[in-house]
Amino acid sequence: MSGLTLEREKKLLHALFFIFGFGIMAWVPRFPEVKANLGLSNGAFGSILTTGAIGAFTGLLTVGHIVHKVGVRTVLIAATALLYSAFTAIVHVHSPTLFIVLNITIAFGITATHISINTQGFHIQERSKSNVVVSSAGYWSAGALLTAILSGFLVGHIGLSAHISALALFAAIATLVIVFQFGSSLVPPNEHPETDYSIKDIFTTFHFDWRVSFGLACAVYLEFAVGDWGTIFTKERLDVSAGLSTLPYIVFTVFMIIGRLSIQRFTARFQVHQLARVLSLIAGIGFVTTISIATHLPARSSWTSYGLFLLAFALAGIGSSILGPTFTAAANRRSPNPSAVVIGQLGVANNVITTVLKWLVAGVIGATGSIALAMMIPGVLMILAAFFTPVIKEGAK
């Protein structure tokens, strides 16, 4: 035994999530420099970024089974080395072909790390009887937000290669230090041959829980839409500066972090499925209503509209904060497969559904030219998520 208390394990897990968010999101604000390295147009750069889906889907289908077979420690160490080595290399390359290979590698490494640390999260949650997965997601969001702000400040002051290479080294070392501090508390390899998984089992044991999968997709798509279109929407609709156009997304993220880190206070007074229902309605109805009002105000009321945008994104953040992790926890409880396998299979289903939703929103924007109209779709989906929240209830079938 490692001798770690559950509280110590929680703190180490939160640190892992924070470093993960801090490490993988740093290069996003510096995409213009990455694109310039490759000498590509916006369209071409956007197209090759989508190749990461190959690595993500490969990881979602396979890594859960590998974690079940060899344990969290082995996979997390390998994923850390692979992920941050690829990050260090990708900011130095000028060949689109090599960029694609490294981009696929990064996506695979991110997926492997995601599955590993969430498997550990469920392991701790089951023993502590607390919502560790939700609070851990809050620490990931905090790390992602902090590194995005820091990267914005560093642009023009520190070169892309120096920034990302130093950060990757720091994140890799910090992750490995935390892994070794866990000791034997990390989820061990499977020791029961009768529950082992083969390559064939990756496909024959795929468990699709449609109530959880559709509920999760409805709940998390607002977050994706805000990330994809929020800044563009604010800038084009209100004609504000670049700095002000990013503030609504920052507000969204801050309120999401607050919601996730406050989960224990919430669940002390409400059952999780009841809380999830209320929050999904707050997020969906609040977002749709405030955005609708803001976009119909006259041009002279632009600051009032901007204030309503901030309110809409705040309601969306606090309302959607716990939904993704709680639907994932429900999937883990309802599936016959081990946690690591469940996370991967749920990720596959969620990626397919949200990709279709992204095409739908992009199609509406292309056909109508209205981002405001298209943004109603994720708002309505969030409202629909309330009808799937009963699956979150303990013992629900």
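How many residues in the lining of the second largest pocket are nonpolar, how many polar and how many charged?

Modeller: Bear in mind that this is a predicted model. The lining of the second largest pocket divides into five nonpolar, nine polar and five charged residues. In total, 19 residues line this pocket. Q125, N131, A329, R333 and E394 lie nearest its centre. The space inside comes to about 570 Å³.

Now look at where the lining comes from. The largest share belongs to α15, with five residues.

Follow α6 next. Helix α6 covers residues 96-128. Helix α3, residues 42-49, packs with α6 at an angle of about 40°. Their axes are 9 Å apart. On the α3 side, F45, I48 and L49 make the contact. On the α6 side, F99, I100 and N103 make the contact. Five of these contact residues are nonpolar, one is polar and none is charged.

Last, step into the loop between α6 and α7 (132-154), where K129 lies. Most residues other than glycine have a negative phi. K129 has a positive phi, near 60°. K129 has 72% relative accessibility, so K129 counts as exposed.

Methods. Residues are numbered from 1 along each chain as its sequence is written. This is a predicted model: local features need pLDDT of at least 70, side-chain atom pairs count only at pLDDT 80 or more; totals for chains, interfaces and linings use all residues. Side-chain values use heavy atoms; hydrogens and water are left out. Axes are lines fitted to C-alpha atoms, for helices over the stretch in contact, and angles run from 0 to 180 degrees between N-to-C directions. Helices (H or I, at least four residues) and strands (E, at least two) are DSSP runs, numbered from the N terminus. Contact means heavy atoms within 4.5 Å. Ala, Val, Leu, Ile, Met, Phe, Trp, Tyr, Cys and Pro count as nonpolar, Asp, Glu, Lys and Arg as charged, and the others, Gly among them, as polar. Buried means under 20% relative accessible area, exposed over 50%, partly exposed in between (1.4 Å probe, protein chains only). On a 1 Å grid over the protein atoms alone, a cavity is a set of points where a 1.4 Å probe fits but cannot get out, and a pocket is an open set with protein on both sides within 12 Å along at least five of seven lines; lining residues have an atom within 4 Å of a point. Grid points are joined across faces, edges and corners, and a volume is the space filled by probe spheres set on the points.
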